[in-house]
Amino acid sequence: MATALSQTQSTDHRLGFKSLDEEVAVDRLPVSGALPAWLTGALVRVTPALFEIGDRRVAHWFDGVAMLNRFGFTDGSVSYKSRFLESRAYRDAQEGRIRHAGFATDPCRSIFKRVQAIFSPGFTDNPNVNLARVGERYIAMTETPLPVEFDPETLDTLGYLEFADSLKSHVTTAHPHHDRERDELVNYVAHFSKTSEYVLYALPPGSTERRVIARMPVREPAYMHAFGMSGRHLILAEYPLRVNPLKMALSGKPFIENYVWRPELGTKLQVFDRETGAHRGSFETDAFFCFHHVNAFEREPGELVVDLVAYDDASVIDQLYLNEDGPRGTLGRTELRRYTIDLDGGTVTWEALPGGHDVELPRIDYGRRNTRDYGYAYFAGWGEESDWIDRLVKVDVREGARSEWSSPGCYPGEPIFVREPGNDSEDGGVILSVVLDAAAGRSFLLALDAGSFEELARAEAPHHIPFGFHGEYLRS
Ligand SMILES: [Fe+2]
């Protein structure tokens with residue numbers, strides 16, 4: 001599957017793995033083309049930005065220290081601001097130290113301290129994966145349950161969002177869902193112990209007390225970066241990348257290196273009723289790995305559809321360790337897959353959706369289409385010859401049609417769909433993506449017409465912005 005990059009290949013995309021250590025604020029970026037006048041909010045993204053700490057380089061892309069980038073839109077002009085999130089991990093980095101275990105980067109310390117770190121709050125708080133709105137508050141997140149609140153205008157760090165409940169947890173996802181009826185955030189945590197468990201919960205707006213939806217004991221928890229939510233169900237896809245929590249406590253290895261790929265276990269889709277919390281079943285299918293779910297919905301009563309971006313195995317995690325100047329390898333091959341679960345029959349089948357090959361970082365018109373049958377998914381993608389993500393992809397999931405945007409020497413990030421107010425068509429809006437122009441040595445904010453997938457405008461940032469994962473468009 002994934003092939004290692006040789007030193008003789010182009011190094012252009014590697015600029016996206018170079019640290020950015022300055023914080024800047026620019027009132028007006030140079031804009032070419034025209035942005036729609038209705039675009040008046042801000043695109044805020046979080047990205048790993050600092051890869052050197054003291055005399056060390058972090059081991060993995062997922063361990064770069066988190067920075068916020070904000071593109072603000074007013075009357076066709078674009079402002080730009082970047083700030084580090086002042087997490088504990090950032091403050092330690094300022095002192096040249098890594099004090100807490102990251103995804104694949106270990107601090108230097110004794111075995112005793114390592115054991116303490118795993119079963120007490122010793123994980124990193126570096127919130128470099130995603131952000132979300134919780135009621136009126138905004139948080140940046142990683143996969144440890146220490147969300148960091150920030151001001152979406154100034155990008156000031158406001159402190160941890162502390163929970164008032166006693167729910168124990170060690171890991172979570174940075175991909176909470178939003179329950180649009182209740183305006184609740186929905187997520188899951190895993191608690192590691194002699195008897196570990198997954199806990200699915202909802203966080204009501206304005207509250208810091210999580211409401212437990214469902215619990216499930218598990219001996220060897222799976223690494224799950226995201227999960228699915230349909231109108232009636234929550235779906236945990238347990239890939240066979242499993243951890244033995246007791247062994248982890250003693251291993252002294254960085255977090256993800258405690259997880260073992262065990263394809264003989266297959267993948268189990270655990271389905272829970274959102275209202276009652278009842279476990280609707282464990283639906284077993286062939287082994288695969290996935291970071292991102294795309295959507296889930298009930299096609300008819302008893303038939304649950306789960307769309308996600310699948311890898312044959314978890315080797316992509318290894319490919320994203322960092323060498324001196326870039327990732328060890330490439331992203332390999334992926335497929336947009338549709339798993340269809342017969343809830344009463346106890347079976348699951350799957351198909352690869354046409355047009356959905358070699359894509360990642362999926363987005364949909366989440367506000368209107370998540371939990372519902374839908375027409376379009378947007379991705380960052382690549383081709384067989386690509387050294388990195390080098391195109392944006394729109395897939396018509398019903399028709400199998402694929403549209404692409406690319407530009408020579410350019411490496412785009414996650415495409416975020418922004419609906420045009422009053423436009424009822426599912427792709428009536430724009431796609432925003434932060435793109436690295438390697439030759440220019442800078443990044444730009446790209447706007448595409450989501451319908452035609454044609455370029456509308458670019459706003460040039462003053463410097464390169466390291467490749468990041470996720471962000472949100474915040475309406476003004
Ligand atoms: Fe993600």
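Which residue in E29 is the bridge partner of Ala-380? The partner is Leu-392.

## Basis

This is a predicted model, in which local features need pLDDT of at least 70, side-chain atom pairs count only at pLDDT 80 or more, and totals for chains, interfaces and linings use all residues. Residues are numbered from 1 along each chain as its sequence is written, and side-chain values use heavy atoms, without hydrogens and water.

## Strand E29

Strands (E) are DSSP runs of at least two residues, numbered from the N terminus. E29 spans residues 391-396.

## Neighbouring strands

Strands pair if DSSP finds at least two bridges between them. E28 (residues 376-381) runs antiparallel to E29, with six bridges. E30 (residues 401-405) is also antiparallel to E29, with five bridges. Val-393 has Glu-404 in E30 as its bridge partner.

E29 and E30 form a hairpin with four residues between them. Gly-400, in the turn, has a positive phi of about 80 degrees.

## Iron site

His-175, His-225, His-292 and His-470 coordinate the iron ion through NE2, at 2.1 Å. Donors are N, O and S atoms within 2.8 Å of the metal (3.2 Å for Na, K and Ca); water is not among the atoms, so sites may look incomplete. Along the chain the donor spacing is H-x49-H-x66-H-x177-H.

His-175 is buried, at 14% relative accessible area. His-225 is buried too, at 7%.

Methods
Buried < 20%, exposed > 50% of the residue type's maximum accessible area, 1.4 Å probe, protein only.
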